[in-house]
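Hi there,

Here is the structure I promised to pass on. Have a look at it first, and then read my notes below.

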Amino acid sequence: MVLPGLLLIVTFSLTPTFGLVIAFMDFNPLKGFFGSRWVGLGNFDLLFALPDLGELMRNTVTIAAGKIALGQILTLIFALLLNEVYEQHTWFKRIVQTLTSFPHFLSWVVIGGIMMDVLASNGILNQGLRGLGLDQPPAWLGDPRVFPLTMILSDVWKNFGWGAIIFLAAMTNVSPENHEAAAIDGAGRFQRMWHVTIPGIAPIVVLQWVLSIGNILNAGFDQILFLYNPAVYATGDVLDTYVYRVGIQSAQWSFGVAVGAIKSVISFALVLISWYLANRYSGWRPF
Amino acid sequence: MVKDKSIGSRLFDALNYALLIGAGALCLAPFLHLTAVAFSKAGPVAGNLVQFIPIDPTLQNFVIAFENPRIWSAFFWAVARAVAGTALSVGVCVLTAYPMSQSADAFPPRTALVVLFLFCMLFSGGLIPFFLVVRALGLYNTFGSLIVPFAFSPWITILIMNFFRNLPRELEEAALIDGATHMDVLFRIFVPLSLPVLATVSLFQAVFFWNDWFFPSLLLKSNDMYPLQTYLQVFLNQVNVTQMFASGNLEEFLALVSNRGLRAATLLISIVPILLVYPLLQRYFVKGLVLGAVKG
């Protein structure tokens with residue numbers, strides 16, 4: 001019974017990991033895997049000699065870390081606010097959740113298509129900003145200084161509503177007695193949120209941060225691939241998009257694999273570390 | 001929530017509800033704007049006059065969007081991929097999950113397989129070796145390339161396996177003693193008992209297949225098999241209403257339809273299927289989060 005699954009995982013997941021040895025070759029598809037020439041660390045020498053790698057790393061980590069940090073913080077704040085809605089206003093809570101969760105289920109092409117319209121230089125967002133007195137609103141998708149921020153904000157916008165669900169579930173487990181006791185002791189609403197709700201869900205919050213360590217090199221491949229353009233390569237080009245552009249579109253197979261291999265190895269180590277920490281501190285297990 | 005009628009508490013509520021309305025509006029506004037653009041004539045759209053209400057309302061953007069034969073074929077391939085991909089992948093994952101749900105004594109390869117699955121979840125060869133494998137197998141530029149490489153998911157298998165492990169073992173033992181095969185146990189006992197879980201993972205996979213636009217662009221050479229999202233990606237970047245002009249007066253046509261309006265209309269059309277199943281998605285995706293939290 002495991003045969004179909006085994007065959008598929010070996011073919012499409014395990015074999016490609018062995019394919020990483022292409023990074024040590026001058027791979028030529030015409031000569032094939034066995035006919036291509038070995039070049040040892042040649043591709044890596046070339047890679048480390050180029051200024052691109054540092055820039056790619058910096059772009060990748062900036063965008064990914066920005067998404068993690070801002071996403072975690074805003075999602076938590078949003079969940080805290082939702083949690084303070086009275087029980088008799090559940091309909092209100094549900095409407096807000098329905099509206100805010102929706103973008104999570106759409107593809108980056110659809111969201112990106114909407115962004116292209118809304119964030120255009122004369123788009124509705126910039127019209128609004130001009131109305132507020134900002135004479136030169138940013139070129140969200142065209143200015144390399146702004147582009148990483150645009151990626152971070154649009155990702156947070158897409159996912160904060162859905163992400164709040166994990167925190168909300170944890171908040172329902174905070175015992176109401178603690179809230180009542182704090183209220184009797186004279187704690188205001190904000191104080192209760194700060195001293196009762198937040199400590200109550202702290203383990204989940206910490207777990208989310210720890211598990212996101214593994215994503216520090218995942219800047220959002222299909223989002224960036226769809227929305228970037230040569231004008232913003234300086235800050236918007238990340239490891240994944242570079243591998244795709246150089247490795248596949250320009251057919252520099254071995255060089256592309258070498259870049260990808262660096263990402264695979266670092267990500268592997270980071271995920272292992274995050275799983276270890278998550279297990280150590282909250283007994284979390286992948287299964 | 002504890003009742004509290006103090007002024008501070010009321011201020012807190014006012015601010016809280018205002019912020020939540022703001023958050024809801026922030027998510028709704030881009031869709032409203034898109035709708036307004038899609039229903040407006042070319043003039044006000046080009047003049048950036050349209051905000052959240054259509055100006056000079058017209059349906060022409062939608063008429064042109066629907067007249068585009070490519071969008072229908074893209075819809076067809078998207079549905080075909082989502083249906084075939086989901087069926088194949090849930091089938092394969094269910095088959096794998098059953099022996100994996102047995103103890104290592106009853107199914108000795110279990111430990112080795114767990115290690116393999118974990119390794120493959122954590123470490124990937126990356127895009128290029130994956131692409132080369134698909135090509136070497138002769139799948140490049142076939143419909144199969146859109147589903148077969150994505151059919152097995154260790155993660156989905158683990159979700160199903162966890163659920164199987166919580167089913168009473170006595171059911172399985174009794175059936176085996178009565179002469180049932182493992183296949184009978186799986187398909188006559190385990191699967192019927194797991195329908196809510198299977199619905200959840202099916203929706204996970206269906207949404208993945210529906211929303212993935214990148215892999216078809218990587219694995220298909222000819223774009224006539226592009227599923228909706230992949231076609232949309234090309235369309236949004238090269239839309240040109242003049243090419244959509246069929247007959248009549250070009251000037252009148254261009255007064256109604258604009259590139260931006262047509263883009264908006266096509267985007268809205270592509271959102272409708274997700275909107276229709278959204279209540280289901282919300283419900284079952286929450287279940288998936290709960291499942292993921294269950295420890296096997």
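In these notes, a helix is a DSSP run of H or I with at least four residues, and a strand is a run of E with at least two. Counted in this way, chain A has 14 helices and two strands. Please keep in mind that this is a predicted model.

The model as a whole scores ipTM 0.90 and pTM 0.90. For chain A the average pLDDT is 88, and 99% of the residues score at least 70. Chain B averages 89, with 96% of the residues at 70 or above. Within chain A, the element with the lowest mean pLDDT is helix α2 (residues 32-35), at 70, while helix α6 (residues 108-118) has the highest, at 95.

**Chain A overall**

The C-alpha atoms of chain A fill a box of roughly 75 × 55 × 35 Å along the principal axes. Of its 287 residues, 52% count as buried. If you take the contacts in chain A between residues at least 6 apart in sequence, 67% of them join residues at least 24 apart.

**Two helices that cross in chain B**

Next, please look at helix α4 (residues 69-100) and helix α8 (residues 154-165) of chain B. Their axes come within 8 Å and cross at roughly 50°; α4(B) and α8(B) are therefore oblique to each other. The crossing is right-handed. On the α4(B) side, the residues that meet α8(B) are B:Cys93, B:Val94, B:Thr96, B:Ala97, B:Tyr98 and B:Met100. Their partners in α8(B) are B:Ile156, B:Thr157, B:Ile160, B:Met161 and B:Phe164. Sorted by class, this contact has nine nonpolar residues, two polar ones and no charged ones.

B:Leu232 sits in helix α13 (residues 228-238) of chain B. Is B:Leu232 buried or exposed? Its relative accessibility is 0%, so B:Leu232 counts as buried, the cut-off being under 20%. Which residues is B:Leu232 in contact with, leaving aside neighbours within four places in sequence? In chain B they are B:Thr266, B:Leu267 and B:Ser270, and from chain A come A:Val109 and A:Val110. Another pair to look at is B:Leu232 and B:Arg263: they are 31 residues apart along the chain, and their C-alpha atoms are separated by 9.1 Å.

Happy browsing, and write back with any questions.

Best wishes

Technical notes: Residues are numbered from 1 along each chain as its sequence is written. Chains are lettered from A and ligands numbered from 1 in the order in which they are written. This is a predicted model: local features need pLDDT of at least 70, side-chain atom pairs count only at pLDDT 80 or more; totals for chains, interfaces and linings use all residues. Side-chain values use heavy atoms; hydrogens and water are left out. Buried means under 20% relative accessible area, exposed over 50%, partly exposed in between (1.4 Å probe, protein chains only). Contact means heavy atoms within 4.5 Å. pLDDT is the predictor's confidence in each residue, from 0 to 100. Axes are lines fitted to C-alpha atoms, for helices over the stretch in contact, and angles run from 0 to 180 degrees between N-to-C directions. Angles under 35 degrees count as roughly parallel, over 145 as roughly antiparallel, 65 to 115 as roughly perpendicular and the rest as oblique. A crossing is left-handed if the near helix is turned anticlockwise from the far one by less than a right angle, and right-handed if clockwise. Ala, Val, Leu, Ile, Met, Phe, Trp, Tyr, Cys and Pro count as nonpolar, Asp, Glu, Lys and Arg as charged, and the others, Gly among them, as polar.
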